[in-house]
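Please keep the 3D view open as you read.

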Amino acid sequence: MANPFQAGLMPTAGIAALSGVVFHLSIPIRNAEFEVVMFPFIVGSCFAFLSFAWSFAQFGGYGSFGALAKTVWVAICFNTGLLTSIGVYRLVFHRLRSFPGPFWAKLTKFHAAYRASQAGQLHRERAELHKKYGDVVRVGPREVSVMRKSAVQLIYGPGTDCVKSTWYAQAGNDHTITSLHMERNRPAHRLRRRAWDRGFSTKACASYEPRIEKLADRLVEQIRETNCKPIDGTKWSMFYSFDIMGTVAFQKDFNQTTSGTEHIAIKGIHDTMGLIGVLGNTPWTLVLASCLPGAASGFARFFTICATILKEKEKSYDPEENPQDVLAFLLKAAREGDQTAPPTRKALEDDIRLMIVAGSETSATTIAYQLYYLAKCPDKQQKLREKLFEAMPGGPSTWTHAALKNVPYLDDFINETLRLKPATVLGCQRETSEKGLRIDDDIYIPPHTTVMVPMQGIQTDPRYWPEADSFVPERWGERREEMGTDGAPFFAFCMGAHSCAGKAVAMISMRTALSKLVMEFDVAFAPGEDGVEFDTMEEENFSTTCKPLQLVFTPRS
Ligand code: HEM
């Protein structure tokens, strides 16, 4: 029998390419979650490469250079066979083959990563795809986007059997070391969520109110000192929101509203958001990138600061005291050996990072958009002011959290902002169960498919929302029935088991800032600012990254 290690280039190419095809068809990689098997796969590939090089030298009679060159040739041909087989399978035989969508999206998720790297506006592109292809679009090899009201409850609602997709494995799939948000294991998530919910209970939130009010007052003072000079509303919303999160989550003052500069930990997050927006489309590349020295240095700084926060908190934590912040609730559970505690120290550290990122970026974006709508719609601004003064006729000095309860228009204003500009603008990915997912009579999505409803797309879909693109807070109040608001899809805080844990705090901090700013100032676009770039050029990095917005705050007294 001829020695295969001495075969010529073309026979070697044929055997290698065929092996690539056989590998794809015979080994269960077709449904494997690559994020989960990536490290064994990479180690196996390196081992195979070295074994081939050694075998060519040992049995084929090649020198070192020849053996290496032949191995590279084998690798190229093997991967060509493998990728061709994967491509043909995805286009012709895949369980999602009947769903329409862009050609390259069906082939590879690198298509989405590429598109995200171009303008960072996948959410806008997704809306266009739905206009072109209909309610269900294949947006990845095993991913579909569904623009249908009935899909929202089925995918996210309390009774859903969909689970979090591999997007949530981007920090690894070991659920004992990831945050609550990345926890894909349902029973474990349910347990851990209970400790978080204690940190956001009505009683706990009431205890955060004075701290939130103090920070809002600080914001007002700082803005007053600008003396009607233009300031960047996006930046100041961010300063305020991160300061709030610091004090609510672990009683740390990031001092951004005082200094008017970005804290180094927060800068670390912002420096990395763009990378997450692009590579989050192929989560395994994000895992790889995080292993490269220097690639995530900004995030590394953020990690170090969070670890320090935890150490400091552990020192000052008094188990006899009632918890005064969210982290204290988690520490209490951990110290008491409660099963709702984060399962490991690493998970606890990841939870701290989650508090800052999930709590601040989202609120910052939403407050920035509220400022935008105040400036864009002066009539709505004036109406909100009148309602606030009706509830607090003595003016800003008589402001109280309790009085805000008598101003439903404040929540109408916030809800309308969240409808048009939800913070997670593209939406959240889930994976269908073993049974697949039936939506109405005409859509069946097969098992283990990544599914999502584009959040901004459906919250501005004219089939469900009259005057869909207009800012009409009244649709949440006096025009509710007429505009059919109750039946329309709205899930800016998501819903079901994975809905936003911090919604109550988010609402308190937004109500506080918005009401105080409107009572204290007239808010308008600065000269030369029309809000168009801010309104149209936002980037989707899971949460939205807003462009600067130049505003003038004119004191009313
Ligand atoms: C306007 C502000 C906010 C909006 C629009 C918002 C929206 C959301 C959404 C859509 C999700 C679901 C994400 C997913 O399924 O991947 C979520 C989850 C979460 N949010 Fe918020 N959020 C806001 C503020 C906050 C605040 C202030 C906190 C406080 C720490 C917070 C903490 C969380 C946590 C911990 C989760 C994960 C929940 C889980 O997986 O069980 N959020 N949020």
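**Around Val 453**

Leaving aside residues up to four places away in sequence, Val 453 touches Val 146, Met 147, Ala 151, Val 152, Ile 155, Gly 427 and Ile 458; contact here means that two C-beta atoms, placed from the backbone, lie within 7 Å. Before going further, note that this is a predicted model, where local features need pLDDT of at least 70 and side-chain atom pairs count only at pLDDT 80 or more, while totals for chains, interfaces and linings use all residues. Residues are numbered from 1 along each chain as its sequence is written.

Val 453 belongs to the largest nonpolar core, which holds 121 residues; Leu 330, Leu 371 and Val 453 touch the most other members. Such a core is a set of buried Ala, Val, Leu, Ile, Met, Phe, Trp, Tyr and Cys residues joined through C-beta atoms within 7 Å. Buried means that 20 or more other C-beta atoms lie within 10 Å of a residue's own, exposed that 12 or fewer do, and partly exposed covers the range in between, with C-beta atoms placed from the backbone. Helix α16 (residues 345–376) gives the most to this core, with 17 residues. Apart from it lies another core of ten residues, including Ala 16, Ala 17, Phe 52 and Phe 78.

Phe 78 also leads us to helix α3 (residues 64–93), where it is buried along with Ala 67, Lys 70, Thr 71, Val 74, Cys 77, Gly 81 and Leu 82. The 30 residues of α3 reach 42 Å from first C-alpha to last, close to the 44 Å expected at 1.5 Å a residue (1.5 Å times one less than the number of residues).

Now to the sheet. Five strands form an open, mixed sheet in the order β1-β2-β8-β5-β3, where strands pair if DSSP finds at least two bridges between them. β1 (136–140) and β3 (163–164) each have a single partner strand, so one side of each lacks a neighbour in the sheet. β1 pairs with β2 (residues 143–146) in the antiparallel sense over four bridges, and Arg 138 stands opposite Val 144 in β2.

Stepping back, the protein has 22 helices and twelve strands, taken as DSSP runs numbered from the N terminus (helices H or I, at least four residues; strands E, at least two). Of its 557 residues, 43% count as buried. Its C-alpha trace spans about 100 × 55 × 45 Å along the principal axes.
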